[in-house]
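Here are some notes to read with the structure open beside you. Take the points one at a time and find each place on screen before you move on.

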Amino acid sequence: MSNPQLVMYDEEFRHITAVSEKLLREANARVIFLVDKNGQLIAGVGETERFDTTSLASLTAGNIAATGGLAKLIGEKEFSILFHEGERDNLHISIVAGRVILVVLFDTRSSLGLVRLRVKKASEELTAIFDSLMKKAEEKEKVGDPEFPFAEITDEDIDNLFR
Amino acid sequence: MSFINYASRELNCKIVYYGPGLCGKTTNLQFIYNKTADGAKGKMISLATETERTLFFDFLPLELGEIRGFKTRFHLYTVPGQVFYDASRKLILKGVDGVVYVADSQEERMDANVESLDNLRNNLEEQGYNLDKLPYVIQYNKRDLAGIVPVEELRRELNPTGVPDFEACAVTGEGVFETLKAVAKLVLTDLKKGR
């Protein structure tokens with residue numbers, strides 16, 4: 001398959017959230033999301049309850065996929081940064097570790113320059129975390145995870161979902 | 001691929017509805033949306049043209065309940081069916097866990113069905129997937145109309161490998177949930193086999 005399965009563990013989730021919270025403070029942002037390229041929300045910090053995070057994740061991934069398609073058409077590998085400017089709020093979208101999308105929403109209390117600067121530093125930290133996460137997941141997959149929660153699911157479990 | 005989040009105890013899977021233009025992919029999602037309790041669904045997003053043809057995709061997040069203590073979420077997507085939107089279709093197939101192929105049962109759409117199914121297979125191959133190894137079901141839609149192809153013939157043309165298939169009328173909802181359940185079941189079974 002083209003992409004290994006994405007798995008998130010408690011330890012890495014805490015690290016990722018900590019880096020995101022630091023970025024939120026240092027960039028004076030309103031909210032920060034991390035989204036998988038397939039459209040799944042990984043983490044969110046800041047004023048997350050004000051947004052429909054599931055829709056936001058799916059549309060961001062669609063957006064990155066569409067611009068990635070455009071990039072290939074003109075012979076670029078990808079456009080690693082997207083910026084959407086609104087009247088009040090702006091979106092800074094960038095790709096981290098090749099497969100994760102970092103979304104920073106900010107208003108006039110911050111600036112594009114500050115956001116870009118802080119995102120660059122946070123991206124390095126996030127890349128390290130995601131790289132080790134991928135390695136961990138791959139290793140677990142290779143040797144087989146004895147605690148894999150779905151190894152024992154029964155037809156009954158599945159049928160119960162649809163009752 | 002599915003996303004297993006041990007931190008928030010969530011399992012997310014992506015299902016794509018594929019098929020020729022106007023076969024009823026969006027209608028399938030609309031019916032599911034209308035018949036699902038508010039707490040179990042998110043907002044349905046349709047990126048469509050002014051004439052309500054799908055331009056990029058429709059998206060419907062569903063929360064089915066818990067399995068082994070994990071909240072199980074299915075993200076349903078449709079592709080734009082019209083032939084010239086092929087670049088968009090490829091993008092939506094990325095990271096797919098299960099495919100529903102929706103066929104239009106009307107006689108005059110048989111060629112379009114075959115062409116779209118070939119297109120599905122090719123686009124999946126480009127992404128490194130093999131349709132025969134993916135959780136995959138077929139829906140023969142529009143069974144309520146006149147001038148439709150008999151199911152045996154549809155099966156012969158479109159389902160040579162004998163994957164689970166269902167007759168449906170997406171407008172009234174007949175067969176819609178049966179199709180969804182079947183593909184969701186295959187996706188979860190596949191996940192179990194994966195380790």
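1. Let's start inside a sheet of chain B. Strand 2 of chain B runs parallel to strand 6 (residues 98-104) of chain B, and four bridges join the two. If you want a spot to look at, find B:Tyr18, which stands opposite B:Tyr101 in strand 6 of chain B. Keep in mind that this is a predicted model.

2. Strand 2 of chain B also pairs with strand 5 of chain B, again in the parallel sense, over eight bridges. Here the pair to click on is B:Ile15 and its bridge partner in strand 5 of chain B, B:Leu76.

3. Is strand 2 of chain B mostly covered or mostly open? Mostly covered: of its nine residues, eight are buried.

4. Now for strand 1 of chain B. With strand 2 of chain B it pairs in the antiparallel sense, over three bridges, and B:Ile4 stands opposite B:Leu11 in strand 2 of chain B. These two strands make a hairpin with four residues between them. Look in the turn for B:Arg9, whose phi is positive, about 50°.

5. B:Ile4 turns up again when you cross to the other chain. Strand 1 of chain A and strand 1 of chain B run parallel, joined by three bridges. In this pairing B:Ile4 is the bridge partner of A:Val7.

6. How many residues does each chain bring to the contact? Chain B brings 37 and chain A brings 36. On the chain B side, several elements supply at least two residues each, among them strand 1 (3-5), strand 2 (10-18) and helix 5 (176-193). Strand 4 of chain B gives the most to this side, with seven residues. Sorted by class, the side of chain B that touches chain A has 18 nonpolar, eleven polar and eight charged residues.

7. Over to chain A as a whole. It has four helices and six strands, and from the N terminus on the order is β-α-β-β-α-β-β-β-α-α. The C-alpha trace of chain A spans about 50 × 40 × 35 Å along its principal axes. Of its 163 residues, 34% count as buried. Take the contacts in chain A between residues at least 6 apart in sequence: 54% of them join residues at least 24 apart.

8. At 1.5 Å a residue, its 17 residues should span 24 Å, and the end C-alpha atoms are 24 Å apart, so the two agree.

9. Which residues of helix 1 of chain A are buried? They are A:Glu12, A:Ile16, A:Val19, A:Ser20, A:Leu23 and A:Leu24. They cover an arc of only 145° around the axis, so they sit on the same side of helix 1 of chain A. The general rule behind this kind of pattern is that an α-helix has 3.6 residues a turn, so residues three or four places apart point the same way.

10. What do those buried residues of helix 1 of chain A pack against? Their neighbours are strand 1 (6-8), strand 2 (31-36), strand 3 (41-46) and helix 3 (112-143) of chain A. The face of helix 1 turned away from the buried side carries the exposed residues A:Asp10 and A:Arg25. Just after helix 1 of chain A, have a look at A:Asn28, which takes a positive phi of about 55°.

Note on methods. Residues are numbered from 1 along each chain as its sequence is written. Chains are lettered from A and ligands numbered from 1 in the order in which they are written. This is a predicted model: local features need pLDDT of at least 70, side-chain atom pairs count only at pLDDT 80 or more; totals for chains, interfaces and linings use all residues. The expected span of a helix is 1.5 Å times one less than its number of residues. A residue is buried if 20 or more other C-beta atoms lie within 10 Å of its own, exposed if 12 or fewer, and partly exposed in between; C-beta atoms are placed from the backbone. The arc is that of the directions from the helix axis to the C-beta atoms. Two residues are in contact if their C-beta atoms, placed from the backbone, lie within 7 Å. Ala, Val, Leu, Ile, Met, Phe, Trp, Tyr, Cys and Pro count as nonpolar, Asp, Glu, Lys and Arg as charged, and the others, Gly among them, as polar. Two strands pair if DSSP finds at least two bridges between them.
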